[in-house]
Amino acid sequence: MLDSFYLDPNAVTGPDPLGILMVAVIAYFCGCFNGAVIVSKYILRDDVRTHGSGNAGLTNFYRTFGGPLTFVVILCDVLKAVVAVLLGGWLLGTVAGANGYAANERISSMWALFGEYWAALFCLLGHMFPCMFHFKGGKGILSGGAIAIMIDWRIALVVWGGFLVLAVLTRYVSLGSCWAGASFPFITWFVYRSSVITFLGAFIGLLILYMHRGNIHRLLTGTENKFSLHKKK
């Protein structure tokens, strides 16, 4: 198990800042590929952000439109997260190896892990604040869930397990989403025991909680909508 994020200061350098910046840019634009906006605006010709909660996410899309195109939204938001995480881990892990860490598999693996979390962060930023859609996107739960699965099955088990239990028992999708955001940094620390990786995990978790601040208020005041398998008329 990777117990720390450690780079020997006497060894050759890892990925340079340009490589790290490149991963951030690629991941951000992957995140900007918002399935709910693209399907509703360009296929249905009815922007989902003008309905319901105004959120460009899966839940609002399903409540507004329903139908088989919901699966297209799911596919878009999952695939972009998968691509971002895979590219981030491969690019930074490969570059670290090329710069002299190939003989040290542990350090090369840590750079790959950093790349995955780094790409995950910027993919979610792109999803939540897409530059081509006036910085008005979704809340990041579906993409975040895909990210958890891509990073580590133990993280996915805690994040998805709590989400599903809370969402099914209470029918508040937002409550499960808040669990996902709050638990992500803690399970990250438990699995990797790395301050750098946990910091990125905390940033990701706080972003998700921030995007659900309205839901949190409604949960506390008892005005939050419960999820239904039938879309609103």
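Val 23, Ile 26, Ala 27, Val 83, Ala 84, Leu 87, Gly 88, Leu 91 and Ala 119: these residues line the second largest cavity in this predicted model. I'm starting there, everyone, and then we'll walk through the rest together.

A word on the ground rules. Numbering starts from 1 along each chain as its sequence is written, and side-chain values use heavy atoms, with hydrogens and water left out. Since the model is predicted, local features need pLDDT of at least 70 and side-chain atom pairs count only at pLDDT 80 or more, while totals for chains, interfaces and linings use all residues.

Back to that cavity. By cavity I mean a set of points, on a 1 Å grid over the protein atoms alone, where a 1.4 Å probe fits but cannot get out; a pocket is an open set with protein on both sides within 12 Å along at least five of seven lines, and lining residues have an atom within 4 Å of a point. The second largest cavity has a volume of about 40 Å³, where a volume is the space filled by probe spheres set on the points, and grid points are joined across faces, edges and corners. Helix H1 (17-31) and helix H4 (69-101) each give at least two residues to its lining, and H4 supplies the largest share, five residues. Eight of the lining residues are nonpolar, one is polar and none is charged. For those classes, Ala, Val, Leu, Ile, Met, Phe, Trp, Tyr, Cys and Pro count as nonpolar, Asp, Glu, Lys and Arg as charged, and the others, Gly among them, as polar.

Now the whole chain. It has 10 helices and zero strands; these are DSSP runs numbered from the N terminus, helices being H or I with at least four residues and strands E with at least two. Buried residues make up 50% of the 233 residues, with buried meaning under 20% relative accessible area, exposed over 50%, and partly exposed in between (1.4 Å probe, protein chains only). Among contacts (heavy atoms within 4.5 Å) between residues at least 6 apart in sequence, 71% join residues at least 24 apart.

Let's move to helix H6.

On the H6 side the contact uses Ile 141, Gly 145, Ala 148, Ile 149 and Ile 151, and on the H7 side Ile 155, Ala 156, Val 159, Trp 160 and Phe 163. Nine of these are nonpolar, one is polar and none is charged.

Some of those names come back in the largest cavity, at about 130 Å³. Of its 14 lining residues, Ile 141, Gly 144, Gly 145, Val 159 and Ala 180 lie nearest the centre. H6, H7, helix H8 (173-192) and helix H9 (195-211) each give two or more residues to the lining, and H6 provides the largest share, five residues. The lining has 11 nonpolar, three polar and no charged residues.

Next, aromatics. There are nine aromatic pairs in the whole structure; rings of Phe, Tyr and Trp (its six-membered ring) pair if their centres lie within 6.5 Å, and planes under 30 degrees apart count as stacked, over 60 as edge-to-face and the rest as tilted. Trp 160 and Phe 163 have ring centres 5.7 Å apart and planes at 80 degrees, so this pair is edge-to-face. Both sit in H7, three residues apart, about one turn of the helix. Trp 160 is partly exposed at 25%, whereas Phe 163 is buried at 13%. Elsewhere, Trp 111, Phe 114, Trp 118 and Phe 122 form one aromatic cluster.

Last stop: the largest pocket, with about 630 Å³ of space. Of its 29 lining residues, Asn 55, Thr 59, Asn 60, Arg 63 and Val 173 lie nearest the centre. H3 gives the most, five residues. What is the lining made of, by class? Seven residues are nonpolar, 16 polar and six charged.

Asn 60 itself belongs to helix H3 (residues 58-64) and is buried, at 6% relative accessibility. Leaving out residues up to four places away in sequence, Asn 60 touches Val 48, His 51, Gly 52, Ser 53, Gly 54 and Asn 55.
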